[in-house]
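Subject: Structure handover

Hi,

Here is the structure you asked for. My notes follow below it.

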Amino acid sequence: MQFENLLWEVKEDILLLTIHRPSKLNALNQSTMHEISTAFDAIYQNDSIKGVILTGSGEKAFVAGADISEFIGMDSSNAKSMAQRGHEVFFKIENCPKPVIAAVNGFALGGGCELAMACHIRLAAENARFGQPEVNLGIIPGYGGTQRLTQLVGKGKALELMMTADIIDAKEALLWGLVNHVLPLAELIPKALEMLSKIKQKAPIAIAQVIRSANASYADNGYDIEADAFAKSAATEDFSEGANAFLEKRKANFQGK
Ligand code: COA
């Protein structure tokens, strides 16, 4: 398939799907989100694809977040729709009946960390860095991060990461249970392929039902609350200040308004 911001490469029966906006560290603009959604529709339909590896273009970033330039001028109502659309796209990944492995090859910040967490398994290269730094911009994670991070690492660690906006390295992410394995960058894709070739030998319906059942263990009304909370944070002056400060390469001056 042909996309503007995604590379679609099938190796035997495994799809390597690469977020491809290297000049913006693969930041997720709306058109990329739309393409991810279209790609997953095709993955659901295409019987010859047995598993997916999701990675980022270049050696620096998996995905450095939602595209902050699209935040400018966003009001509370746009913000809520944005979060809800993001939830829909990432639910498609999480509920995909075929195994999806995130091969995290650098920064996975904000929406990038959320994208990795929507995948079933996370492999991290030694240079991977994780964080939910939205509070630096005066908003909160809006693509499922408040829910999935809490599910993966527990509430205490999740709140620490989301409130401090700290960036953790791959070793710490492994210690926290955020990633399954840490590998040298060159071994990342081979390891993902090895895992998928093991999984694809199992009964596909059983694999799909394992995914379905594991996902069912979490209540999902938290996502509605998150979309609402994201909209509330996006309605603040601090959010406008935070996003503009990033783009102007200066420190944000928050007023609590
Ligand atoms: N949205 C939009 N553009 C982004 C971006 C994002 N989330 N992250 C990086 N970029 C852009 C930069 O603006 C820059 O573009 P430019 O060359 O046109 O100025 C380019 O990608 C390279 O990023 P740069 O900041 O120069 O790289 P760096 O190596 O100095 O820093 C990061 C890397 C990841 C630490 C830094 O880019 C960053 O903090 N990004 C934002 C992370 C974030 O807050 N994500 C959550 C968003 S909700």
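Where is S57 found? S57 sits in the loop between β3 (51-56) and β4 (61-63). Please keep in mind that this is a predicted model.

**S57 and its neighbours**

S57 has a relative accessible area of 12%. Buried means under 20%, so S57 counts as buried. The side chains of S57 and H20 are joined by a polar contact of 2.6 Å. Leaving out residues up to four places away in sequence, S57 touches T18, I19, H20, P22 and N26. Q147 is 90 residues from S57 in sequence, and their C-alpha atoms are 27 Å apart in space.

**N105**

N105 is in the loop between β5 (100-104) and β6. With a relative accessible area of 5%, N105 is buried. What does the side chain of N105 make a polar contact with? The partner is the side chain of T55, at 3.4 Å. A polar atom of the N105 side chain also lies 2.9 Å from the backbone oxygen of G58. The residues that N105 touches include G56, E59, K60, A61 and F62, again without those up to four places away in sequence. A125, N127, L185 and L188 are also among them.

**The loop between β1 and β2**

Two residues here are worth a look. E12 and D13 are both placed in the loop between β1 (6-11) and β2 (14-19). Are they buried or exposed? E12 is exposed, at 75% relative accessibility. D13 is buried, with a relative accessible area of 18%. That value is under the 20% cut-off, so D13 falls in the buried class.

E12 is not a glycine, yet has a positive phi of about 55 degrees. The D13 side chain makes a polar contact with the side chain of K200, at 2.8 Å. D13 touches S48, I49, K50, G51 and K200, if residues up to four places away in sequence are not counted.

**A165 and two glycines**

A165 also has a positive phi, about 60 degrees, and is not a glycine. A165 is placed in the loop between α5 and β9 (168-169). A165 is buried, with a relative accessible area of 10%.

G156 is found in helix α5 (residues 155-164). G156 is exposed, with a relative accessible area of 58%. A102 is 54 residues from G156 along the chain, and their C-alpha atoms are separated by 24 Å.

G222 lies in helix α9 (residues 221-234). G222 is buried, with a relative accessible area of 8%. G222 and L159 are 63 residues apart in sequence, and 15 Å apart in space from C-alpha to C-alpha.

**Domains**

How is the chain divided? There is a domain 1 (6-199) and a domain 2 (204-247). Their C-alpha centres lie 12 Å apart. Across the two, 35 residues of domain 1 are in contact with 25 residues of domain 2.

**Nonpolar cores**

In soluble globular proteins, nonpolar side chains tend to be buried together. Here, the largest nonpolar core has 62 residues. Which of them touch the most other members? They are L17, F71, I93 and F130. Both domains take part, as this core draws at least three residues from each of domain 1 and domain 2.

Not counting residues up to four places away in sequence, F130 touches V104, A108, L109, C113, A124 and D166, among others. I167, I168, A170, A173, L178 and V179 are also touched by F130.

**The largest pocket**

The largest pocket has a volume of about 690 Å³. Its lining is made up of 29 residues. Which are the closest to its centre? A64, A66, I68, L137 and F246 are. The elements that give two or more residues to the lining are β6 (107-109), α3 (111-118) and α10 (237-247).

Best wishes

Conventions: Residues are numbered from 1 along each chain as its sequence is written. This is a predicted model: local features need pLDDT of at least 70, side-chain atom pairs count only at pLDDT 80 or more; totals for chains, interfaces and linings use all residues. Side-chain values use heavy atoms; hydrogens and water are left out. A nonpolar core is a set of buried Ala, Val, Leu, Ile, Met, Phe, Trp, Tyr and Cys residues joined through side-chain atoms within 4.5 Å. Buried means under 20% relative accessible area, exposed over 50%, partly exposed in between (1.4 Å probe, protein chains only). Domain bounds come from an automatic or database domain assignment. Contact means heavy atoms within 4.5 Å. Helices (H or I, at least four residues) and strands (E, at least two) are DSSP runs, numbered from the N terminus. A polar contact is a pair of N or O atoms within 3.5 Å; within protein, one must be able to donate a hydrogen and the other to accept it, and residues adjacent in sequence count only if both atoms are side-chain atoms. On a 1 Å grid over the protein atoms alone, a cavity is a set of points where a 1.4 Å probe fits but cannot get out, and a pocket is an open set with protein on both sides within 12 Å along at least five of seven lines; lining residues have an atom within 4 Å of a point. Grid points are joined across faces, edges and corners, and a volume is the space filled by probe spheres set on the points.
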